[in-house]
Amino acid sequence: MYSLVKYYHPYISPFDPCPPMKVKSYRTPPNLYIGFQPPSLPQFSPREALAHGTLWPIFYSPYPGKGKEEMTRE
Amino acid sequence: MNKTMPPEYYSMLEEIQAVDFVLVELTLYLDTHPTDKEAIQQYNYYARQSKKLKKEFEKQFGPLLQYQSYSGYPWTWDDTPWPWQV
Amino acid sequence: MWLYEKKLQYPVRVSQCNPRLAKFLIEQYGGADGELAAALRYLNQRYSIPDKVVGLLTDIGTEEFAHLEMIATMVYKLTKDATPEQLKEAGLAPHYANHDKALFYHNAAGNPWTAEYIQAKGDPIADLYEDIAAEEKARATYQWIINLSDDPDLNDGLKFLREREIIHSQRFREAVEILKEEQGKKKFF
């Protein structure tokens with residue numbers, strides 16, 4: 001399994017003017033890992049598919065917003 | 001003069017949006033997987049579902065598809081609301 | 001030709017009258033990685049790409065117009081009943097002075113849309129890699145707009161659009177594999 005978000009610790013200088021964000025993150029969505037889509041993958045129902053923006057759960061990549069990952073990894 | 005759309009307008013529309021979304025997803029999938037029989041069967045099934053749902057919707061709320069839907073009298077295509085107004 | 005269907009692809013909702021969000025959202029209307037640029041990029045490239053991937057470019061290009069209409073709906077709803085005073089507070093006075101509440105194809109910084117945002121190199125691999133990059137850039141833009149927005153209903157629609165970029169990127173990646181003509185020989189995993 002792969003993670004949909006990666007973290008790194010940027011260099012912090014004593015001369016940085018803003019309080020440092022110790023951990024930064026970026027997204028790595030499922031399309032980077034799946035390759036050519038295999039047939040007969042499990043599907044959402046039509047309503048769920050619309051709500052998730054995709055028919056296949058394997059491609060669903062939630063996005064929390066507001067830099068939440070940085071907060072939780074402090 | 002203002003009309004408010006009843007709750008059925010929204011619920012029926014959302015049902016259509018859900019089925020049509022499956023058709024969009026299967027279309028893009030089949031564009032790169034043209035020999036997946038199971039997906040083609042599923043596509044045809046939902047295409048039929050979509051037609052059925054739209055027929056019901058149009059009976060109550062007027063035409064959905066330009067040049068394809070039937071009109072009542074007077075001409076109903078240009079009746080409000082437009083999609084961005086609802 | 002194209003047929004217009006009198007419905008949005010996704011039920012767009014906006015909970016607050018907040019024209020400030022419209023100012024950011026317009027990036028996806030008339031910006032470099034916005035929906036207009038996407039639609040015009042794919043629907044133009046399709047004339048000179050191998051037949052095997054013309055259908056995909058046509059269908060994704062068409063879906064981008066549905067996304068353009070969703071963004072327009074969001075902007076329309078966020079500004080529809082805002083007073084000039086509210087627009088001024090939201091930093092939209094320059095827009096109001098020129099356009100009133102009309103939508104216009106420009107980005108969040110006010111630069112008008114330009115064909116220089118899109119490319120058609122005529123080389124299928126170069127064009128598809130541009131398309132993959134465009135989808136990832138649009139996904140990133142949706143992330144930054146979601147980070148700026150505190151309207152949960154609006155974010156619901158934006159998250160749908162972000163997910164669509166992921167699927168489009170996936171299909172363009174598959175199109176590259178099809179043009180490499182190796183995918184039949186490779187084992188699925």
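1. Axes here are lines fitted to C-alpha atoms, for helices over the stretch in contact, and angles between N-to-C directions run from 0 to 180 degrees. Helices (H or I, at least four residues) and strands (E, at least two) are DSSP runs, numbered from the N terminus.

2. The model is predicted: local features need pLDDT of at least 70, side-chain atom pairs count only at pLDDT 80 or more, and totals for chains, interfaces and linings use all residues. Residues are numbered from 1 along each chain as its sequence is written, while chains are lettered from A and ligands numbered from 1 in the order in which they are written.

3. Start with a helix pair across two chains. Angles under 35 degrees count as roughly parallel, over 145 as roughly antiparallel, 65 to 115 as roughly perpendicular and the rest as oblique. The crossing of α1(B) and α8(C) is left-handed, meaning the near helix is turned anticlockwise from the far one by less than a right angle.

4. Which residues of α1(B) meet α8(C)? They are B:Leu28, B:Asp31 and B:Thr32, and they meet C:Ile167, C:Arg171, C:Glu174, C:Ala175 and C:Ile178. By class, this contact of α1(B) with α8(C) has four nonpolar, one polar and three charged residues. Ala, Val, Leu, Ile, Met, Phe, Trp, Tyr, Cys and Pro count as nonpolar, Asp, Glu, Lys and Arg as charged, and the others, Gly among them, as polar.

5. Now the chain contacts. Two residues are in contact if their C-beta atoms, placed from the backbone, lie within 7 Å. Nine residues of chain A are in contact with ten of chain B. The chain A side has five nonpolar, three polar and one charged residues.

6. Chain A has two helices and two strands. Their order from the N terminus is β-β-α-α. Of its 74 residues, 20% are buried. Buried means that 20 or more other C-beta atoms lie within 10 Å of a residue's own; 12 or fewer means exposed, and in between is partly exposed, with C-beta atoms placed from the backbone.

7. Helix α3 of chain C (residues 35-45) is mostly covered, with eight of its eleven residues buried. Among them are C:Glu35, C:Arg41 and C:Tyr42. The cover includes α2 (27-30), α4 (54-79) and α7 (124-148) of chain C.

8. The axes of α3(C) and α7(C) come within 11 Å and cross at roughly 165 degrees. That makes α3(C) roughly antiparallel to α7(C). C:Ala38, C:Arg41, C:Tyr42 and C:Gln45 of α3(C) meet C:Asp127, C:Asp131, C:Ala134 and C:Ala138 of α7(C).

9. The largest nonpolar core has 62 residues, and those with the most contacts inside it include A:Ala49, C:Met70 and C:Met74. Such a core is a set of buried Ala, Val, Leu, Ile, Met, Phe, Trp, Tyr and Cys residues joined through C-beta atoms within 7 Å.

10. Why does C:Met70 count as buried? Because C:Met70 has 24 C-beta neighbours inside 10 Å. C:Met70 is found in helix α4 of chain C.
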